[in-house]
Amino acid sequence: MKIKNICCIGAGYVGGPTMAVIAQKCPEINVTVVDINEKRIAAWNDKDVENIPIYEPGLSKIVAEARGRNLFFSTDIDSAIDKADMIFISVNTPTKTYGIGKGMAADLKYIELCARQIARVSKSDKIVVEKSTLPVRTAEALKNILDNTGNGVNYQILSNPEFLAEGTAVDDLLSPDRVLIGGDIDTKKGKEAVQALVDVYTHWVPNERILTTNVWSSELSKLTANAFLAQRVSSINAMSELCEKTGADVNEVARAVGMDSRIGPKFLKSSVGFGGSCFQKDILNLVYIAKSFGLYEVADYWEQVIIMNDHQKRRFAANIVKTLFNTVSGKKIAFLGWAFKKDTNDTRESASIYVADYLLNEQAEIVIYDPKVKEEQIYADLDYLNSRTEEENRKRVSVVKDPYEAGKEAHAIAVLTEWDEFRTLDWKKLYEDMLKPAFLFDGRRLLDRKTKEDIGFDFYAIGS
Ligand code: UDX
Ligand code: ADP
């Protein structure tokens, strides 16, 4: 079966870049990305391609090439579903904030709404592809809804988890380590559906990098990959605290350990804590699934990765308070970076949010500079915590457009995101304009070789 029309529900960090690359690489396939968020769709359609709602290096160029040719962004969800042979579901699946499984399970209400909409609209057979990270066995729930509310239409459900990391999404999509496709490979129709999706990817991905499995293996592989990656960060972060006590340096330890080819050098960078929309959510989900099967040791094992991560954020903030003579009340702290990592404007679960919350509880004043995150997003992140009134957040937190302005008359600077532009800052100049004694807290190890004499500051770097 040859796919001619693709619809993707959800124009976010996953749906947007993924569909842009599919459209670029498969000019004969029409790709329509739909979303209920009109503002987001309008931004994807903005005449100036630099205004698309997601910042990813290289993405605007691809959108400029394919948009209007075979890549479309629309709010007309019904008509895109109706036309499509293949529908990707890329909606958000946040952790539940209410009821059973609160704080643990993934909230599938957006997925379910999509399924019901597909069932209501479809008049011809569809291949439905899960792209969002989902709990194991979601495909079954999807199939149940589609088969029982549809109008005699045949649905094949595939799981095709996305492994792209934000900030490198375009490169990850163009040359993925692997593409994973789970389907009902025991039936003829299932096999055909899997093959149809394989044929989309073979436009640019070598065959040997495309893996096909059953649906459950595919769903569980995604959770496992994220759990393993997050575990590495928590492992090195656990060592960072020990390094600080013993005089070892976590970067040196990481280098020595990473040269063991069985361990490998990647994902061993100690930090103020991992963030992003996936790691915490997926591990909580894994913990929830394990508990629901009575596998308490498995659940506790993975939960420890989150416990360590929360501890890392808290101890970074606590160290700022301790160093500033046990009080930050009324003191100005400058934050360099708000995004959860460099090269993205995404702030979901960013460590900066929790460090800020801790310091605001200690009555600090915070001034934030981030090259890509908008002021309204920063306030939305803080308001979402419900720790303070919106008015108070605006009184105590300000957002500026220049790192030097952030540092002016501050008692301390905290580096929360490893943006490249922070590596070339004039630290001496920053230091001169600060209140003395001035401190620098490097949560990203930007300043390894800079000495106190070089830049004036007393500085703390995580893991050394
Ligand atoms: C992750 C997975 O990498 C990706 O495969 C999956 O599809 C989605 O989740 P993402 O969250 O976008 O991607 O970014 P990633 O590069 O994995 O970083 C996650 C967090 O870990 C960031 O806050 C990052 O700063 C932190 N991190 C990463 C470290 O602190 N140290 C490291 O060595 C690596
Ligand atoms: P991700 O990082 O998984 O891509 P995002 O939150 O960036 O997550 O994107 C998910 C998108 O899905 C949002 O733009 C949201 O508006 C959209 N969405 C959620 N539910 C629906 C729905 N039922 N129909 C269409 N779009 C939806």
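# A tour of the two ligand sites and the chain around them

Begin with helix 9 (residues 215-246), which contributes four residues to the shell around ligand 1, the most of any element; helices here are DSSP runs of H or I with at least four residues, strands are runs of E with at least two, and both are numbered from the N terminus. The model is predicted, so local features need pLDDT of at least 70 and side-chain atom pairs count only at pLDDT 80 or more, while totals for chains, interfaces and linings use all residues. Residues are numbered from 1 along each chain as its sequence is written, chains are lettered from A and ligands numbered from 1 in the order in which they are written, and side-chain values use heavy atoms, with hydrogens and water left out.

**Ligand 1**

Select ligand 1 and display its surroundings: 20 residues surround it, the closest being Phe163, Glu166, Lys269, Ser271 and Lys341, where a residue is near if one of its heavy atoms lies within 4 Å. By class, this shell has 11 nonpolar, three polar and six charged residues; Ala, Val, Leu, Ile, Met, Phe, Trp, Tyr, Cys and Pro count as nonpolar, Asp, Glu, Lys and Arg as charged, and the others, Gly among them, as polar.

Next, colour domain 1 (5-213) and domain 2 (307-461), whose bounds come from an automatic or database domain assignment; because both give residues to the shell, ligand 1 lies between them.

Which backbone atoms lie close to oxygen atoms of ligand 1? A backbone N or O atom of Glu162 lies 3.1 Å from one oxygen atom of the ligand, and a backbone N or O atom of Phe340 lies 2.8 Å from an oxygen atom of ligand 1. At Lys269, a polar backbone atom is 2.7 Å from a nitrogen atom of ligand 1; a polar contact is a pair of N or O atoms within 3.5 Å. The protein covers 90% of the 660 Å² of accessible area that ligand 1 has on its own, areas being computed by the Shrake-Rupley method with a 1.4 Å probe.

**Ligand 2**

Now move to ligand 2, which has 16 residues around it, with Tyr13, Val14, Asp35, Arg40 and Arg348 coming nearest. The shell around ligand 2 has eight nonpolar, five polar and three charged residues.

**Elsewhere in the chain**

The structure holds 21 salt bridges, each a side-chain nitrogen of Lys or Arg within 4 Å of a carboxyl oxygen of Asp or Glu.

Finally, select Lys436 and Pro437, which are joined by a cis peptide bond with omega of about -5°; Pro437 lies in the loop between helix 17 (427-432) and strand 13 (439-442).

Definitions and conventions: Polar contact = N/O pair within 3.5 Å; in protein donor to acceptor, adjacent residues only side chain to side chain.
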